[in-house]
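Here is a walk through one protein model, taken a region at a time. Keep the structure open and follow along.

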Amino acid sequence: MYDRLEEWTEGMEWDWVISRQRVFATPIPAWECADCGHVEIAGAEEVPVDPAGEDPAVDACPECGGDSWTGETDVMDTWMDSSISPMYISGSPDEVFDPVALRPQGHDIIRTWAFYTLLRVAALEETRPWNDVLINGMIFGDDGRKMSKSRGNVVSPAGAVEEYSADAVRQALALGGQPGSDIQFQWKEVTSASRFQTKLWNITKFAAGHVDESTPGVTDPAYRDADEWILSRCARVAEGVAADMEEYRFDSALREVREFVWHDLADDYLELVKGRLYEGRPGERKAAQHALLAALSASLRMLSPFAPFITEEAWNHLPTDGSVHGASWPDPPTTDPEAAARGSVVAEVAAAVRGWKSGEGVPLNADLDRIEVYLEEARPLDTYDLAEAVNGPVYVEEGSPSVEMVPVDVDVEHSELGPAFRDRAGDVVGELEATDPAELQAELETRGHVEFDIGDQSVTVEPEMFDVVEEQRAESGEEVVVLEADEATVLVFE
Ligand SMILES: [Zn+2]
């Protein structure tokens, strides 16, 4: 950027031609005396004025006394007007000029708007016009090419807003790319933003049903580990998002806060504390309400620049003050790092069990006989919320679980076995199914196939014709499902 500015400055070879021959623009407020050629310039109190249609305020020419004027028909170069925009913003000429914080603009007008503003403000105010300039890319069609009518890839912002909401379109554009780089408009980002907003609204409705005016004022809440975890995550996210915003990295800022809301807050935390919110003892319920409100109100504040309408609406449904857009940047309550780390394990385990239930088509609220959580090192894990979330008692153990694979069944590959044995296939299947799966597996391991006598004939069944189904068994002999979380191994007993 600096090189471009230097190159432009060094390369200037003629004066800035400030007049243009166009129909629409700011008129140059000047008249020429038809008799002596004197040029009369309008005073500040006369403008705006169109000299092509009006005479100057003076009756007669101050030079020769003539009264025949020719109004200027040229108009101002557009950058003559727009190059003073920082001065206009800061209240000039009534206020002393102070450089503005930010100039956001496209990369196609760096040599014009950006550079002419630098020049103009330097000339008039002898200072820089702004502290930062943020250069945006161009928005391309969803085929990645420049929008054009002939390509048929033009996206109407009004149409997209009408269909998916202004907030969804705004999010999609914020996610589109880094400063300076062009953005490919992507409908899938608009639809996923729209889905995210539905999720955010559902979280808000749920939270609004559990918190009340007294929640923000709860003193010394008795946080459980899950609360400590979500608040510590929230604090880290707020730091990361603030750092991104300082760097104008709107894409990564939005991605990070959305990830937090969708996965940590909604999927993990809400599932963990639902039991406590509905049925906890008053102190425990209040702690969950307090942490939930703190995390959600922080999320709304972080999201407000990206989704200003829905966050304001959500904010007004919660016990909060004023407008979300006037609220301060989130500063979640400080947390105990060890409790937060334990809460993180709890969240991981709950997520693993929930993921397994949904993968197996088991209802999320299905009771479990128990789960055993194996940690590398013994830690006092807070199992209260976890037991509620998995719907079963939780036992915490140290070390690795002892689990073995036990052959329990045989799965016949009919497409392989059928053609090989034809009319004897039924008998072969009968033999396979009647044999102890452990024996089948032992024979397969030692000989590479299994053999049966059917009538007076010996048949050989090749390994591709069947599978021995194995199950995981705990030391107790019970069937068990083994799940790996980041910091724990989880045994699920149905
Ligand atoms: Zn004159």
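E487 counts as partly exposed, because its relative accessibility is 38%. This is a predicted model. The partner of E487 is R379: their side chains form a salt bridge, 3.7 Å from N to O. R379 sits in the loop between β10 and α13 (384-390), and E487 in the loop between β16 and β17 (488-493), so this pair ties together parts that are 108 residues apart in sequence. R379 has a relative accessible area of 28%, so R379 too is partly exposed.

What lets such side chains pair? Side chains of opposite charge can do so when their charged atoms come close. In this model the count comes to 20 salt bridges. Some of them share partners: R224, R281, E284 and D382 are joined in this way into one network.

Now move to R370. R370 lies in strand β10 (residues 370-375). Which residues pair with R370? One of them is E372, with the closest N and O atoms 3.1 Å apart. Another is E478, where the closest N and O atoms are 2.9 Å apart. E478 lies in the loop between β15 (466-474) and β16 (481-484), so its bridge to R370 ties together parts that are 108 residues apart in sequence.

R370 has 14% relative accessibility, so R370 counts as buried. E372 has 12%, so E372 counts as buried. E478 has a relative accessible area of 30% and is therefore partly exposed.

Next comes the metal site. Which atoms hold the zinc ion? The protein donors are the SG atoms of C33, C36, C61 and C64. They lie 2.2 to 2.4 Å from the zinc ion. The angles among the four donor atoms run from 102 to 117 degrees, and the site is tetrahedral. In sequence, the donor residues follow the spacing C-x2-C-x24-C-x2-C. Two of these donors can be set side by side. C33 counts as buried, because its relative accessibility is 3%. C36, at 41%, counts as partly exposed.

Strands of a sheet pair through backbone hydrogen bonds, either parallel or antiparallel. Here three strands form an open sheet in the order β3-β2-β4, and the pairing is antiparallel. β3 (39-41) and β4 (69-71) are the edge strands, each pairing on one side only. From one strand to the next, the twist averages 30 degrees. Look at E32 for an example: its bridge partner in β3 is V39.

Finish at helix α15, residues 425-434. Which of its residues are buried? A425, V428, V429 and L432 are. They cover an arc of only 100 degrees around the axis, so they fall on the same side of α15. An α-helix has 3.6 residues a turn, so residues three or four places apart point the same way. What lies on the other side of α15? G426 and A434 are there, and they are exposed.

Note on methods: Residues numbered from 1 in each chain as written. Predicted model: local features only at pLDDT ≥ 70, side-chain atom pairs only at ≥ 80, totals over all residues. Heavy atoms only, no water. Donors = N, O, S within 2.8 Å, 3.2 Å for Na, K, Ca; no water. Tetrahedral: all angles 85-135°; square planar, octahedral: opposite > 155°, others 65-115°. Buried < 20%, exposed > 50% of the residue type's maximum accessible area, 1.4 Å probe, protein only. Pairing = 2+ DSSP bridges. Helix = DSSP H or I, 4+ residues; strand = E, 2+ residues; numbered from the N terminus. Axes fitted to C-alpha atoms, helices over the stretch in contact; angles between N-to-C directions. Salt bridge = Lys/Arg side-chain N within 4 Å of Asp/Glu carboxyl O. Arc of directions from axis to C-beta.
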